[in-house]
Amino acid sequence: MQLTHYTVPADIPAPLTVAQVSDLHGHPTRPVLTALQKAAPDLIAVTGDLFDRLATAPETLPFLRACAALAPTVYTYGNHEHASPETGEDVRACGVILLQDAWTTVCGLTVGGLASGFVHGIKQGHFVSSPPPNVDFLKDFAACDGFKLLLCHHPEYYAAYIRDLPVDLTLSGHAHGGQWCIGGRGVFAPGQGFFPRYTGGLYDGRLVVSRGLANTAPFPRFGNPTELVFIHLQPLDNGA
């Protein structure tokens, strides 16, 4: 597991570190929790597929409890949670703030969670497209005051629905780094198809895509280590 750090200028009064946890898919949590405890972030943002629709996840709820004890923890679902046996009540009982087409204020930020389009019951098998999100929620969230941080599992939503809105920073996962990374470019991502645009990194200074924390494909990753992401929000220099 690689630790990846990004620094993003932000209109906030003091520095803030956000840890992004994405696409764990029910895999063992100890290395991730150890890294989080060592880093002591101000906020933990979970951007979906922490659970998996095809496997049990006995460590995941205890992991969420440990995260919530370490720092305020916000969570929006990916496409897998909707078919997992764990419920929203289970997640909230861990002390986690679950945001599904909803927002809250935490750590001085306005934090929103855009639900996956799969919440509407559309089946899996989304190789080149994903069902659309709740656009009305996005517009309402974009009209909020303060620094707006959006958790959005699907990076393919960014260009189509988010980029033209006044959302300061979006955190996504889902692409698993493109599975194989050749020449700095991922080969395939669900929802984007072959040679996807958004697989891992910082785009436009406004979109962070995590490569995720687990491998769920029947073939190994190549040139594409799993990662835990830390975003360091730095106050703007307004000449003071």
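A residue is called buried when its relative accessible area is under 20%, exposed when it is over 50%, and partly exposed in between, using a 1.4 Å probe and protein chains only. By that rule Tyr-203, at 18% relative accessibility, counts as buried.

Please note that this is a predicted model, in which local features need pLDDT of at least 70 and side-chain atom pairs count only at pLDDT 80 or more, while totals for chains, interfaces and linings use all residues. Residues are numbered from 1 along each chain as its sequence is written, and side-chain values use heavy atoms, leaving out hydrogens and water.

Let me stay with the aromatic residues. Two rings of Phe, Tyr or Trp (its six-membered ring) pair if their centres lie within 6.5 Å; planes under 30 degrees apart are stacked, over 60 edge-to-face, and the rest tilted. This rule gives 7 aromatic pairs. One of them is stacked: Phe-137 and Phe-141, 5.9 Å centre to centre with 20° between the planes. Another, Tyr-198 and Tyr-203, is edge-to-face, at 5.0 Å and 85°. Tyr-198 is buried too, with a relative accessible area of 4%.

Why are Phe-137 and Phe-141 separated by about one helical turn? They are 4 residues apart in helix H4, residues 135-142. Helices here are DSSP runs (H or I, at least four residues), as are strands (E, at least two), numbered from the N terminus. In general, an α-helix has 3.6 residues a turn, so residues three or four places apart point the same way. Both Phe-137 and Phe-141 are buried, and together with Trp-103 they form one aromatic cluster.
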